[in-house]
Amino acid sequence: MPTVDEVTDMQTDVFPAGRHREKKPAGAEKAVPAPGGEISKLPRKRFFRSRAHSNPLSDSMMNDVPGDYTEMDWPPHYPAFLGDKAPVPEDGQAPKVRFADVGCGFGGLLIRLSPLYPNDLMVGLELRDKVSSYVKERVAALRRENPGEYGNISCLRANAMKYLPHYFEKGQLTKMFFLFPDPHFKHANHRRRIINTTLISEYAYLMAPSGMLYTITDVKDLGDWMRAKLLAHPMFELISDEDLESDPAAGVLINATEEGQKVARNKGNTWRAVFRRLPEPRCSVRCQATGGEEDERAQSGVSSSQDVCVPAAGALAAVLYLAGGDSAIATDTDMAMAVYNNETSSEFLKNAAGVGYVLLVGLFLYRVLRRRAKRAKEEKISGQITQEEWDNSWFAQMRAKFAPPAGSESSTPVRDATAFDALLGAAQAAALGFGMFIFSSKMTVLIGSSPLPDGYQARNISITVRTLIEGLSWLATFVFCLNAVGLSALSVQMLMFPEKLMEDEVRAATERARRAAPPQLPKVGITASPEEMRAAFMAAEKMGKAEATAKLTAASGASNIEEVTPRY
């Protein structure tokens, strides 16, 4: 393989000075003077350009994720410590990775920490493919340039939000770094933040007791978010700045990474917060509730993790969780502990509230459908067939067979609807409409923030399904709200204008009586026009023919009047 000088000479011969030159392929290297006067090769960042942000909820074609931490092959990453020629430790156990830089970027922190902790294995986790390739080549170049050094650092392309337990076992990590993470400013994208309640529990599982978790950012909102989330979690406690003065890792957080150096050049502000992983969950709620009983329980052998919260705190946390989601829980330490502990968690309350809501919706729909069915039976079915046909129908016979007698105690008298009934129905519809509004809003945000598939057909199908789901949800919300408004107006009308309703009822009763009465001959005055007279005679002839047909049919069984009418 030609050297860098030979490649430069060949390019100079082919492309004279002043002419445009072709770009070097990805992975091109630059010559850097080494301490001994030799020429070393380091990768150039401009050949590893990538987007500044990446979607952590997308798999991004990651097909090399191990099934669990036992399947992870670490020796190729650390040949000086885990290779065939590596020295055997005194205890006989192979060293494990102890430091994890989540979102390592271009690997600045790993390179700064390597000489500070030469005996600790460190790994950087980066989601972007080109950036992780750059870090790997940079580490390899530094190892060639400095033999015997930088053998304890490496980089992996991994999605820490999804597959972190696939690389590390319980209690393995002693330090975790989250330096200048993606702030994800939009509220719909807050679930993409690397520090949230669910992931913090995962970090606590992977970290050893007394392990350190480092965070720093140049965005104040994100700094407050990460600080509040970690303070609310029962497995972490904040470390003061005085205690961090003796920590070498805390002193390099600002200027170690390329992002931190950019902030320093622009004279920007940074917000740092370092937390320690506790051996046992802290319990401020129980300690405040029991007072001096804490020591007595500890002496009696009761574990401090079995009685984390009082039931009232758990119930309040469940209510706030249903109302505001994850952000509502994280605002209070006691409420977060109520959700964290498995034995005294509020999952039962959340499940009971969900079941109760479903039952209320089902009861409301049952009542609505029952009333509509009754009205349809009275207005449509009775209008299509005669009463005699209805009495002889299968449905009427089955109803008469199973229905209680009219004079029995189980028969309920029919009463007219009142304004209170309309107002009660409006309150029920408004409650369901408000619940559907909250559900539809959160579902719209969730669906809108989910990435679409790359395939053309899959994308169209996904868009269609999303549109149908959102449309049905908002349609149900509109129906419930419209029913609430209509029933409220009806209750007001029944209270303020009862005579108008009485007139409507009298008019409807009169119309029903008119339809049920036998047909009457049209009345025609002396001054009627010829057209009116002709119409009256035609109606009378039709009525007479129908009546004669009915009588003759009943007498002789004939179906047509012409069959029994004598012909002259």
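Select the loop between α4 (129-145) and β5 (153-157): Tyr150 lies there. Helices here are DSSP runs of H or I, at least four residues, and strands are E runs of at least two, numbered from the N terminus. This is a predicted model, where local features need pLDDT of at least 70, side-chain atom pairs count only at pLDDT 80 or more, and totals for chains, interfaces and linings use all residues. Residues are numbered from 1 along each chain as its sequence is written, and side-chain values use heavy atoms, with hydrogens and water left out.

Stay on Tyr150. Its phi is positive, about 55 degrees, although it is not a glycine. Most residues other than glycine have a negative phi. Tyr150 counts as buried, at 16% relative accessibility (buried is under 20% relative accessible area, exposed over 50%, partly exposed in between; 1.4 Å probe, protein chains only).

Next, select Ser210, in strand β7 (residues 207-217). Ser210 also is not a glycine, yet has a positive phi of about 70 degrees. Ser210 is partly exposed, with a relative accessible area of 44%.

Now the largest nonpolar core, of 39 residues. Such a core is a set of buried Ala, Val, Leu, Ile, Met, Phe, Trp, Tyr and Cys residues joined through side-chain atoms within 4.5 Å. Select Trp74, Val123, Leu125, Phe168, Ile194, Tyr203 and Phe236, which touch the most other members. The largest share of this core, five residues, comes from α6.

Center on Tyr203. Beyond its neighbours within four places in sequence, Tyr203 is in contact (heavy atoms within 4.5 Å) with residues including Leu164, Met176, Leu213 and Phe236.

Last stop: another core lies apart, with 33 residues, among them Ile111, Tyr214, Ala249 and Ala256.
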